[in-house]
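Here's a quick walk through one chain, meant to be read with the model open beside you.

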Amino acid sequence: MKVDYNFITLVALGSFNPAIVSPDFLNTVCELNLGKPDDQSPPDISVIRHLQFQNLKFTVEMNRLQIMETGIENITETKLLSIFNVYYEKLPYTPLKAVGLNINCDLLAEMETKTDALTKKVSNPTTYLDFFDTNKINVIESSLQTKTDKTWMSSNYNVENVHGLTRSINITQKKDFVNLNYNYEAGAVDKHKSNLSLLLDGYEQFCDEFLNFVKYLED
Amino acid sequence: MEQALNTGNSLYDPDMGAGNGNRNMTDLAGFLSLQTIDGKNNTFSISKEAYSDTSNVVGKTVSLDLKGIIDWTDLALEKLEKVYEECLDANWDGYGAMPISRETYSKARKLLRMIPSSLPRPDISAEPDGEITFEWYKEKYSVFVISVGGNNLITYAGMFGKSNKIHGTEYFANELPEIIRHCIRRLSH
């Protein structure tokens, strides 16, 4: 099975001031040396800030910060965690509610018959119950139902407390592949700061888990 | 919770003003971006992120897609996916056109993400040779076109007035080639 990475994002929820996040702030204060931005939103729009530096995109809203990295070859080499660490170090009183990481990719089976098998596996909640060795998952499914037939379109599987963090997996059927968004999230960061450390320090483990999951789908 | 699944419930009304995009507050992406799923926070991120705000216009709730105004990438990616799905099989035009390969789609997506969204959004279409084309059309004799196939090569051609023409091939890896950026900017000024 081929894994075609679309992006990795780090999403933080809380209270942010989009006006602060300027190229100068990132380059000089955070010392990220990102250079001149390829793109930025008009500075006079104060409620949202969008900045692009090559394959890094920053989107800051009043209640949401997202840093996206594209052009991913190896998920363990992402810069997102170090960027967020520096940002949070410089603005340590940022009221955070939750922080999550997403790996978004397309999964391509080699043959049509295998695509069907893959679809069957990813659309079955048992796959997730077994993989996470849990008794309960929350499922939101979207499908097209006729009187005689049901066509699965997408599902969201939410698994709580996997090594202290939440997993949220979104799978969408596309024409000849499936799109997978694999999220792990530290919630209630405002009350339990240790959750954030679990997330930031556990990225390598998370990558291993993700790769194991992809392999599990292949088997 | 049911609202999240209700993708068919169209709150979008094209007459309700510009900038509302083609998404609504009740789609899954929009719902998740509202940061609640069963009352919990959610840092979910999918390719069709919806940065939506709602306004009440004459009793109707419309979705204002701020993200669409600031960054058109997601909208263009949706269009690209549609083109790919329509041209996935050989002879998609009835005249023996080559199919768009997965590799071509993948490269086109990578290229699209490299184009700064402060530049104009291109029209996306397929070529009979199986390549994907991005076109910026300003007016007659003022047009720039790039096409991408399964390799990392961009073929480009542009007209900037009746007598100014340019064409060539550029390799791209992790950055949009400067000549391509320059030509798009030249057209938009």
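Predicted model: local features only at pLDDT ≥ 70, side-chain atom pairs only at ≥ 80, totals over all residues.

Residues are numbered from 1 along each chain as its sequence is written, while chains are lettered from A and ligands numbered from 1 in the order in which they are written.

**Make-up of chain B**
- Chain B has six helices and seven strands, taken as DSSP runs (helices H or I, at least four residues; strands E, at least two) and numbered from the N terminus.
- Starting at the N terminus, the order in chain B is α-α-β-β-α-α-α-β-β-β-β-β-α.
- Buried residues make up 38% of the 189 in chain B (buried: 20 or more other C-beta atoms, placed from the backbone, within 10 Å of the residue's own).

**The sheet**
- Five strands of chain B form an open, antiparallel sheet in the order β3-β4-β5-β6-β7 (strands pair if DSSP finds at least two bridges between them).
- β3 (123-126) and β7 (165-171) of chain B are the edge strands with a single partner each, so one side of each has no neighbour in the sheet.
- From one strand to the next, the twist averages 20 degrees.
- β4 (residues 132-139) and β5 (residues 142-148) of chain B pair antiparallel over seven bridges, and Trp136(B) has Phe144(B) in β5(B) as its bridge partner.

**Helices across the sheet**
- Helix α5 (residues 102-114) of chain B lies across β4, β5 and β6 (153-160) of chain B, at about 130 degrees to β5(B).
- Helix α6 (residues 178-188) of chain B lies across β4, β5, β6 and β7 of chain B, at about 25 degrees to β6(B).
- Angles run from 0 to 180 degrees between N-to-C directions, with axes fitted to C-alpha atoms, for helices over the stretch in contact (contact: C-beta atoms, placed from the backbone, within 7 Å).

Terms used:
Buried ≥ 20, exposed ≤ 12 C-beta atoms within 10 Å, placed from the backbone. Contact = placed C-beta atoms within 7 Å.
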